[in-house]
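Me: I would like to go through this model and ask what each label rests on. Please set the values against the cut-offs.

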Amino acid sequence: MTDILYMSKLYMPTLKEDPADAEIASHRLLLRAAMIRKTASGVYTFLPLGKKVLAKVENIVREEMDATGAQEIMMPALQPAELWHESGRWDDYGPELMRLSDRHDHGFCLGPTHEELITSLVRNELRSYKELPCSLYQIQVKFRDEIRPRFGLLRSREFIMKDAYSFHENQESLQETYDRMSVAYGRICERCGLEYRPVEADSGQIGGKVSTEFMALAEAGEAELVYCTCGYAADVEAGECKCTPTMYDVPFEKIATPGIHTIAELAEFLNIPESSTVKALAGKDEEGNIIALFIPGDHELNDIKADHGIGWFMLLSDEEMLEAGLVKGSMGPVGLPEGIRVIGDANLKNLPKWTVGANEDGFHIVGAELGKDFQIDEWMDLSTVKAGDACPECGLPLDGARGIEVSQVFQLGDKYSRTMEATYLDVNGKENYFIMGCYGVGVTRTLAAVVEQHNDEYGIIWPFAVAPAHVCVIPLTIGDQDVFPVAEQIATDLASLGLEVVIDDRKERPGVKFADADLIGWPLQITVGKRGLADGTVELKLRRTGEKRDVALDSLHDAFEAVCANIPEDPAFDAFDSLFA
């Protein structure tokens with residue numbers, strides 16, 4: 001039997017009004033429903049109800065990790081700077097890394113992630129191939145000094161993450177664990193009631209060459225993704241761009257375009273679609289060499305692709321463009337200054353004629369022929385994919401959506417083991433670098449994503465699996481000796497069946513109790529009142545649908561006993577549906 005929660009004793013100061021600084025549903029409702037409180041910018045305290053939800057998300061993550069064979073550990077949040085110097089990330093990670101010194105002037109950081117620390121741990125402990133593969137994980141507070149914390153738990157400076165790390169002899173072993181972890185991550189999303197998509201992703205600051213993000217679909221999501229009915233999905237930062245520019249088929253001509261400096265202005269001036277123009281950008285590589293990039297006019301440059309393809313790339317400032325002899329807003333491939341490396345987006349390779357800048361302010365060229373009027377030194381995938389582009393796997397048009405990145409899996413290879421000299425002895429007694437994988441779940445972010453997907457105008461709609469309690473019993477009058485004892489007996493009966501029950505024993509008006517029940521989002525509400533009891537009934541309300549029905553008091557125990565006997569494994573929402581069939 002589970003303990004019954006009495007709301008009169010719960011610390012749950014709900015709010016009637018939306019907080020002024022809460023921009024999105026999850027931030028607004030978690031504050032109003034007394035789940036969290038802001039401590040500082042991007043730093044939050046979890047109140048009792050929020051902590052209960054958080055613990056349930058953590059337990060789901062823990063169960064799925066244990067099922068993969070991973071073993072739980074706990075590493076310190078405070079990490080020595082020397083480990084980050086070994087990996088080369090102390091300077092590379094950027095200002096998001098929270099750095100500090102102790103009284104002895106030793107450098108430390110508050111861990112945003114733990115690749116360095118876990119690698120330093122196993123290099124002294126795992127010595128033989130016989131001990132591999134090995135997977136270790138933790139659920140712990142992380143720190144990132146976000147330049148602009150916002151959206152509550154979605155972009156905060158202190159957050160809870162599950163990070164796992166695996167160590168292998170070879171790529172085949174890594175792939176097996178990577179696939180197993182990917183399945184577990186899908187299960188975590190499903191058990192939390194999330195609509196999600198696994199998408200191709202860029203590895204970012206973590207490193208490695210193969211990565212998949214698990215995106216919870218939500219308009220409030222900061223990430224953009226594309227997907228196809230064939231099953232393909234990708235973050236727009238990582239997805240391959242397959243588009244078909246439309247040719248403006250006219251003879252070569254240099255035309256005056258006074259005051260025209262953008263693609264939109266040029267397309268309107270010529271009365272052609274933006275897809276018939278070519279966009280030019282100028283940048284430099286790590287050695288300072290000038291590079292001209294050309295992409296379809298209706299697309300944007302993907303900075304990550306440019307970095308990967310070139311090695312390092314930064315756009316030129318206006319002053320640097322002038323020094324290089326380039327004209328902002330009128331740059332093109334015809335008559336570029338000598339010595340500039342020219343790279344074209346691969347989607348332009350089969351476009352015979354280009355509409356481009358003339359490298360002279362106030363002039364553009366139409367009908368410039370590739371291979372005749374200008375040359376391209378090399379071709380790359382440079383553009384950011386968008387909805388409507390062709391799926392790289394089946395060719396159908398891609399759909400677009402926004403998403404919240406709730407988790408990500410990485411194949412790190414030997415990125416950290418090589419730089420930090422972490423080796424094991426193989427079957428021949430030879431030292432080899434570990435092949436590593438990394439697997440992260442944003443626990444607090446997952447909680448917020450659930451609220452983003454599951455809410456209405458009245459409040460949160462918690463999935464059964466992560467709700468702070470399953471059932472709220474609402475006695476309409478507390479002092480009445482006919483009503484409250486019945487409500488308390490119902491709560492006791494349901495708790496004996498294994499359900500988590502809260503009873504609203506506060507001396508509040510019924511309207512306040514109903515409003516708070518909807519705001520907090522208990523999956524099922526049972527209202528006990530004098531009028532219903534006179535007829536031998538109580539009222540059930542399913543929060544997810546708002547559906548209500550009266551149930552005979554003398555059949556209530558049997559009805560819930562049947563429900564509890566048939567609750568599906570890891571239910572998201574349908575645990576109480578049979579009560580309303």
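Me: What stands opposite Pro-80?
Reply: In this predicted model, Pro-80 stands opposite Phe-108 in β7. β5 and β7 (residues 107-110) pair in the antiparallel sense over three bridges. Two strands pair if DSSP finds at least two bridges between them, so the three bridges between β5 and β7 meet that rule. Strands here are DSSP runs of E with at least two residues, helices are runs of H or I with at least four, and both are numbered from the N terminus.

Me: What makes β5 and β6 edge strands?
Reply: The open sheet has three strands in the order β5-β7-β6, with antiparallel pairing. β5 (78-80) and β6 (98-101) each have a single partner strand, so one side of each is left without a neighbour in the sheet. The twist averages 35 degrees from one strand to the next; axes are lines fitted to C-alpha atoms, for helices over the stretch in contact, and angles run from 0 to 180 degrees between N-to-C directions.

Me: Why is Thr-423 called buried?
Reply: Buried means under 20% relative accessible area, exposed over 50%, and partly exposed in between, with a 1.4 Å probe and protein chains only. Thr-423 has 9%, so it is buried. This residue lies in strand β23 (residues 423-425).

Me: How do you know that the side chains of Thr-423 and Glu-431 make a polar contact?
Reply: The value is 2.9 Å. A polar contact is a pair of N or O atoms within 3.5 Å; within protein, one must be able to donate a hydrogen and the other to accept it, and residues adjacent in sequence count only if both atoms are side-chain atoms. Not counting residues up to four places away in sequence, Thr-423 touches Leu-126, Arg-127, Glu-431, Asn-432, Tyr-433 and Phe-434, where contact means heavy atoms within 4.5 Å.

Me: What makes the bond between Leu-132 and Pro-133 stand out?
Reply: The peptide bond joining Leu-132 and Pro-133 is cis, with omega about 0 degrees. Pro-133 is found in the loop between α5 (115-122) and β8 (134-143).

Me: How many cavities are there of 30 Å³ or more, and what lines the largest?
Reply: The count comes to two. A cavity is a set of points on a 1 Å grid over the protein atoms alone where a 1.4 Å probe fits but cannot get out, and lining residues have an atom within 4 Å of a point. Grid points are joined across faces, edges and corners, and a volume is the space filled by probe spheres set on the points. The largest cavity holds about 60 Å³, and its lining includes Ile-461, Trp-462, Arg-544 and Phe-576.

Me: What limits apply to these values?
Reply: Local features need pLDDT of at least 70 and side-chain atom pairs count only at pLDDT 80 or more, while totals for chains, interfaces and linings use all residues. Residues are numbered from 1 along each chain as its sequence is written, and side-chain values use heavy atoms, with hydrogens and water left out.

Notes. On a 1 Å grid over the protein atoms alone, a cavity is a set of points where a 1.4 Å probe fits but cannot get out, and a pocket is an open set with protein on both sides within 12 Å along at least five of seven lines; lining residues have an atom within 4 Å of a point.
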